[in-house]
Amino acid sequence: MKEKTMVMIPGPTPVVRSIQNEMGREIQAFGDPRFVKDYKSVIDDLGELFGCNGKTFVVAGTGTLAMEMAISNMTKRGDDVLIVSNGFFGDRFIDICQHKGLHADVLSAEWGQVVSPAEIEAKLSEKKYAAITVTHVDTATGAVADIKAIGEVMKKFPETIYIVDGVAATAGEYENLQEMNIDVLFTASQKAFGVCPGLLLLWANQKAMARRASLGVIPEYYCDFDKWVPIMDDPSKYFATPAINLVWAMKESVRLVKEEGLKARYERHLKNARAMQKALESMGFTLLAQEGCRAVTLSNLIYPAGVDDAKFRATLLEEGIVVAGGLAAYAGKMFRLGHMGNIDINDEVAVLGVIERALNQCGHPVPYGKAVGIYLEEMAK
Ligand SMILES: *Cc1c(COP(=O)(O)O)cnc(C)c1O
């Protein structure tokens, strides 16, 4: 196996050198004025970038903790929650709600499709929901929900908190709380921000903060907004030790995102994704996500007949490229390829070249250079 491997799974994504360097820095005290300034700038920049008029949280933890944080701070035991599930990660909210004694109604889509805004509107009209959860990109399917159109629907339901799971989307797909009427958005450091795993980012607008205030004391401790708001306002205060090097790494990632611009970053992801998807289809793969709801951050690819999943992925690994397997009913039938964050054309050419070689070794001959050529042609447009 190659010593250098490219991790092309849907998170963690490749970490560029300038971000890695922040991870390797000499530690500072969390109260060190230099670190306090860095932490504050990350919080403020993220709030501004994503159009948040409330509070932005940068806390040690993963995307799953962010899911729990969103639910815990927006609902109380016995509340009704509408879960829009387009796959595995949508379903995770069902489990979370059950653990918390919430009543969850679920709108599910076939894998590869998404629940339509019209279906959501009809369901919301049935009774009063405390909150609705929508997964922006479900990593198990590669389908992207139209969170902007759903945000328009939400204007008719001002008592319902609109929670968006952006874990495989934020900083790849375009998102803005104000423009999209989102109340709570969250992600984790290791996806489209291209930082090592370990930080959660969560945005809560004023409406969400008012909901939190209305709940009084909540059962959760570590993920209680009330514990973190004083720290987010003034990071020289202590609640729980911040992940210092990860905060620095995030600061560098945010610098890169700001330099590129959130919209330009989405356009880059879009162009790259469509070129990758065209190239991959040319080799006989079928995209699980239907046309019209294909994510720009990852592709979930069903194998052409006769290609063995284990052999294909083992061959890729030998060549230094790691991809993820399919989940649930798609285990063994599909692989998942991340193409989000701080990757570039050269990375993608390498990935496609290795996939061409692997297919040839797995009994599915494809002409060398064809998919690479299609990709490069699309990118040159
Ligand atoms: C990865 C992911 C999660 C879970 O994040 P962890 O950091 O693994 O806890 C949640 N939702 C979506 C859409 C994801 O892609």
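A backbone N or O atom of Gly63 lies 2.8 Å from an oxygen atom of the ligand, a polar contact in the sense of a pair of N or O atoms within 3.5 Å. This is a predicted model, in which local features need pLDDT of at least 70 and side-chain atom pairs count only at pLDDT 80 or more, while totals for chains, interfaces and linings use all residues. Residues are numbered from 1 along each chain as its sequence is written, and side-chain values use heavy atoms, with hydrogens and water left out.

The ligand is surrounded by 13 residues, of which the closest are Thr62, Thr64, Thr139, Asp165 and Lys191; a residue is counted here if one of its heavy atoms lies within 4 Å of the molecule.

| Residue | Protein atom | Ligand atom | Distance |
|---|---|---|---|
| Thr62 | side-chain N or O | oxygen | 2.7 Å |
| Gly63 | backbone N or O | oxygen | 2.8 Å |
| Thr64 | side-chain N or O | oxygen | 2.5 Å |

Two helix pairs can be described next. Helix α2 (residues 33-49) and helix α10 (residues 244-260) have axes that come within 9 Å and cross at roughly 40 degrees, where helices are DSSP runs (H or I, at least four residues) and strands are runs of E of at least two, numbered from the N terminus. The axes are lines fitted to C-alpha atoms, for helices over the stretch in contact, and the angles run from 0 to 180 degrees between N-to-C directions. Helices α2 and α10 are therefore oblique to each other, since angles under 35 degrees count as roughly parallel, over 145 as roughly antiparallel, 65 to 115 as roughly perpendicular and the rest as oblique. Their contact (heavy atoms within 4.5 Å) includes Phe35, Tyr39 and Leu46 of α2 and Ile244, Trp248 and Val254 of α10.

Helix α12 (residues 309-318) packs against helix α13 (residues 345-361) at an angle of about 135 degrees, and the axes are 9 Å apart. This pair, α12 and α13, is therefore oblique as well. On the α12 side Lys311, Phe312, Thr315 and Leu316 take part, and they meet Val354, Ile355, Ala358, Leu359 and Gln361 in α13.

The peptide bond from Gly11 to Pro12 is cis, with omega near 0 degrees, and Pro12 belongs to the loop between β1 (6-7) and α1 (17-23). Ala171, although not a glycine, has a positive phi of about 80 degrees, and Ala171 is found in the loop between β8 (161-165) and α7 (177-180). Most residues other than glycine have a negative phi, and most peptide bonds are trans.

Methods
Polar contact = N/O pair within 3.5 Å; in protein donor to acceptor, adjacent residues only side chain to side chain.
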